[in-house]
Amino acid sequence: MNAMRSLIGRDLRLALRSPQESLTVLAFFAMAAVLFPFGVGPEPQLLARVASGVLWVMALLAALLSFERLFQLDHEDGTLDLIVLAPAPLELLVLAKCIAHWLTTGLPLIVIAPVAALMLNLPPEGIPVLLLSLLLGTPTLSLLGAIGAALVLGARRGGVLLPLLVMPLYIPILIFGVSAIEASIAGLTPRPHLLLLAAIQAGAIPLAAIAAAAALRQAAE
Amino acid sequence: MRMVGPLFHSGFAMTAARLETESLSCTRGGRLVFRDVSLALRAGEALSLRGPNGSGKSSLLRMLAGLLAPSAGTIRWDGRDIAEDRDGHRGRVGYLGMLDALKPTLSVAENLAFHAALHGGESPRAAAAIDALGLARLGATPARRLSQGQRRRAAIARLLVQDSPLWLLDEPTLALDQDGLARLGEALRTHLASGGLAIIATHVELPTVTSATLALGATA
């Protein structure tokens, strides 16, 4: 636990001292929200119709931007060897990396999501569900992204490979995230979709921990 | 094909060996790097690894750390094969690789405190470790401002905040000056005196440390 806490603390401190990573994700998300209405035209009805889907796709793509360096820097400077050699289970340390990643990319994204939703004219009743679905879905993005990031470590052009590996895994999250918002706008209950998002997250926690840890051990060889 | 394999034993087994290997082989990318490396180390003993580039010194160290699985042979700690308990074995290892594993934006003290916590040590010891390597004035300096030699010292200080009985050092003297060399020697001497083991891949004779030598890469 101590090791997990110190790893999260270190990653947060690193993100604060060189915030480019988090800012890139945020800037991408914000810029897409600004540009999209110019692209499809400013008709309120049209925007409202596509807003939930656009917001979730933007969140997915923004998250993808940040994975390549998740383990890369630790790999390059030799820290990864020491993380693998730490007495604490590597699976828990992987989860610590995911938590720190979510706190530095997913959480800021949720904070600016309401503004992006307003720009895209998402009906107000959809906003609480948008936030809830992001809250349940973005941690899963970090978890699944960690598997991909660990797998492409040491591979040449890992940055190209990574989205191909991870994108298919994101599709269920996209579908249920958007469905939850659509349901709430249509006056239906978003509960089943949100529960499914929660279930995917619950499943992704052990899966990502085990899979990414195995990939990291391989990369350390 | 490069082959090595002088059987190495560090003297008579007066006390049982803590670390023992039997006929270790290493194949990387289909190429045999070394084979039949057998060694035994008791508490308080040090071993120097010598050999030309590419003879497998780093690979052997990574194998002994449990980072790399041997292609053949076994590694035993206190008589038990480390493959049975890899997680337990990793916790025993103080590994100093070629890379210093320092985060450029964190200060020396922050870097050490992180590694101390990661290895279950206590961060108060970071201060003593910084002192022991002569970095007292640089504790609050971000690692990116350090010179190569200072970075190496900070990486060595990392070993002192962990309680690892087995030190595996890959070219620890890289970029060190005379004073740094002396301090490394002193740290090693203390470690060995308290019953620790050390295996060091180096081309430099370390002061205050007497060690046996294992030569890799001697063509058979």
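Helices here are DSSP runs of H or I with at least four residues, numbered from the N terminus. Keep in mind that this is a predicted model: local features need pLDDT of at least 70, side-chain atom pairs count only at pLDDT 80 or more, and totals for chains, interfaces and linings use all residues. Residues are numbered from 1 along each chain as its sequence is written, while chains are lettered from A and ligands numbered from 1 in the order in which they are written.

The axes of helix 3 (residues 44-65) and helix 7 (residues 127-151) of chain A come within 10 Å and cross at roughly 30°. Those axes are lines fitted to C-alpha atoms over the stretch in contact, with angles running from 0 to 180 degrees between N-to-C directions. The two helices of chain A are therefore roughly parallel (an angle under 35 degrees). On helix 3 of chain A, the contact uses A:Ser52, A:Leu55, A:Ala59, A:Leu60 and A:Ala63; helix 7 of chain A brings A:Leu130, A:Leu134, A:Thr138, A:Leu141 and A:Gly145. Being in contact takes C-beta atoms, placed from the backbone, within 7 Å. The tally is seven nonpolar, three polar and no charged. Ala, Val, Leu, Ile, Met, Phe, Trp, Tyr, Cys and Pro count as nonpolar, Asp, Glu, Lys and Arg as charged, and the others, Gly among them, as polar.

## Helix 3 against helix 6

Helix 3 of chain A also packs on helix 6 (residues 90-119) of chain A, at about 150° with the axes 11 Å apart. That pair is therefore roughly antiparallel (over 145 degrees), and the crossing is right-handed. Helix 3 of chain A contributes residues including A:Leu55 and A:Ala59, and helix 6 of chain A residues including A:Thr105 and A:Leu109. This contact divides into nine nonpolar, one polar and no charged.

## A bend in helix 9

Helix 9 of chain A bends by about 30° at A:Ala204, with A:Pro206 following within four residues. The bend is the angle between axes fitted to the seven residues ending there and the seven starting there.

## Where chain A meets chain B

Across the interface, 22 residues of chain A are in contact with 22 residues of chain B. Helix 1 of chain A gives the largest share of chain A's side, eight residues. By class, that side of chain A has eleven nonpolar, five polar and six charged residues.

Key:
Contact = placed C-beta atoms within 7 Å. Parallel < 35°, antiparallel > 145°, perpendicular 65-115°, else oblique. Left-handed = near helix turned anticlockwise from the far one by under 90°.
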